[in-house]
Amino acid sequence: MSDLIQAIAIYAIPVIFAITLHEAAHGYVARMLGDPTAQQAGRITLNPMRHIDPVGTLLVPVGILLMSKLMGGPAMLFGWAKPVPVDFGRLRRPKKDMLWVALAGPAANLLMAILWVVSMRLYLAGGLEEGYWYQMAMAGVNVNLVLMALNLLPILPLDGGRILFSLLPNRLAWQYSRIEPYGLVIVLLLLVTDALWTLMQPILQLGTAIVTWFL
């Protein structure tokens, strides 16, 4: 139990920041491109309470941490926040601008991963690589890279699905959009079969290569 409490203490702040800035970035870019829906809902904010989903942000990650500790495996987090409301029809160029709104979340996670790596570098320079804050920085890198990779999978309603929809020709895009009601079921099936992590590996490797450059 003490290991679980320690893991929660290390991961809590990185997870909250990763989810909060990811969602706020979607709303901020949507507002820039003509849709004020997120702003009107009070979701362009760094207040994590506006973005936390009790199940996806709290229960599921803690449950996965608990199972990881009980089974002796690595702590592989999975979870979600309350989606920021975006009315794509209010964007100035709905289909094209959808790409930038969707890309904003993963881009925010990559930026945060880089900032956590920079903090790791500072801790290393100060000889603090064994301390709590260094472990938190490592967790921050991992959490943000995983969240980025997960969201970039080309499965609606994930951000990668929105990006692919934006890039496809209109007819193919609307046909592709029919899978959206089943998207989260697909993600969960991939998760329980371990196929999800395999699909995420190329994106994780690219993200790792980018952030390592700053170390």
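The legends below describe close-up views of a predicted model.

**View 1. Helix α4 and its bend at A104.**
Helix α4 covers residues 94-125. At 1.5 Å a residue, its 32 residues should span 46 Å, and the end C-alpha atoms are 47 Å apart, which agrees. The helix bends by about 30° at A104. After α4 comes G127, with a positive phi near 70°.

**View 2. The salt bridge between R93 and D97.**
The structure holds two salt bridges, and one of them joins the side chains of R93 and D97, at 3.1 Å from N to O. R93 has a relative accessibility of 45% and therefore counts as partly exposed. D97 counts as buried, because its relative accessibility is 1%, under the 20% limit for that class.

**View 3. The salt bridge between E180 and R162.**
In this pair the side chains of E180 and R162 meet at 2.8 Å, N to O. The pair links distant parts of the chain, 18 residues apart. E180 lies in the loop between α7 (170-176) and α8, whereas R162 belongs to helix α6 (residues 159-167). With a relative accessibility of 26%, E180 counts as partly exposed. R162, at 18%, counts as buried.

**View 4. The largest nonpolar core.**
This core has 26 residues. Those with the most contacts inside it are V141, L145, L153, L196, M200 and V211. Two or more residues come from each of α4, α5 (132-151), α8 (183-192) and α9 (195-212). Helix α5 gives the most, with nine residues. In soluble globular proteins, nonpolar side chains tend to be buried together.

**View 5. Helix α9 and its kink at Q201.**
The 18 residues of α9 should span 26 Å at 1.5 Å a residue; the end C-alpha atoms are 25 Å apart, which agrees. A kink of about 45° lies at Q201, shortly before the proline P202. The buried residues of this helix are L196, W197, M200, I203, L204, G207 and V211. An α-helix has 3.6 residues a turn, so residues three or four places apart point the same way. Among the buried residues of α9, L196, M200 and V211 are also listed with the most contacts inside the largest nonpolar core.

**View 6. Backbone geometry at P157 and D194.**
A cis peptide bond, with omega about 10°, joins L156 and P157. P157 is in the loop between α5 and α6. D194 has a positive phi, near 70°, and is a residue other than glycine. The loop between α8 and α9 holds D194. With a relative accessible area of 51%, D194 is exposed, because that class begins over 50%. Most residues other than glycine have a negative phi, and most peptide bonds are trans.

**View 7. A nonpolar patch on the surface.**
The patch is formed by V55, L58, L59 and W80. Together these residues have about 390 Å² of accessible area. L58 is in helix α3 (residues 54-71). Its relative accessible area is 45%, so L58 is partly exposed.

T37 is in helix α2 (residues 37-40). At a relative accessible area of 18%, T37 is buried. T37 and A149 are 112 residues apart in sequence, and their C-alpha atoms are 26 Å apart in space. L33 lies in the loop between α1 (2-32) and α2. L33 counts as buried, with a relative accessibility of 17%. Between L33 and L150 there are 25 Å from C-alpha to C-alpha, and the two are 117 residues apart in sequence.

**View 8. N142 in helix α5, with the distance to L91.**
N142 is found in helix α5. The residue is partly exposed, with a relative accessible area of 40%. N142 and L91 are 51 residues apart along the chain, and 33 Å separates their C-alpha atoms.

Key. Residues numbered from 1 in each chain as written. Predicted model: local features only at pLDDT ≥ 70, side-chain atom pairs only at ≥ 80, totals over all residues. Heavy atoms only, no water. Helix = DSSP H or I, 4+ residues; strand = E, 2+ residues; numbered from the N terminus. Expected span 1.5 Å × (residues − 1). Bend = angle between axes of the 7 residues up to and from the residue. Patch = residues over 30% accessible without salt bridge, like charges linked within 9 Å, V, L, I, M, F, W, Y side chains within 5 Å. Areas by Shrake-Rupley, 256 points an atom, 1.4 Å probe, with all protein chains shown as cover. Salt bridge = Lys/Arg side-chain N within 4 Å of Asp/Glu carboxyl O. Buried < 20%, exposed > 50% of the residue type's maximum accessible area, 1.4 Å probe, protein only. Core = buried A, V, L, I, M, F, W, Y, C linked by side-chain atoms within 4.5 Å.
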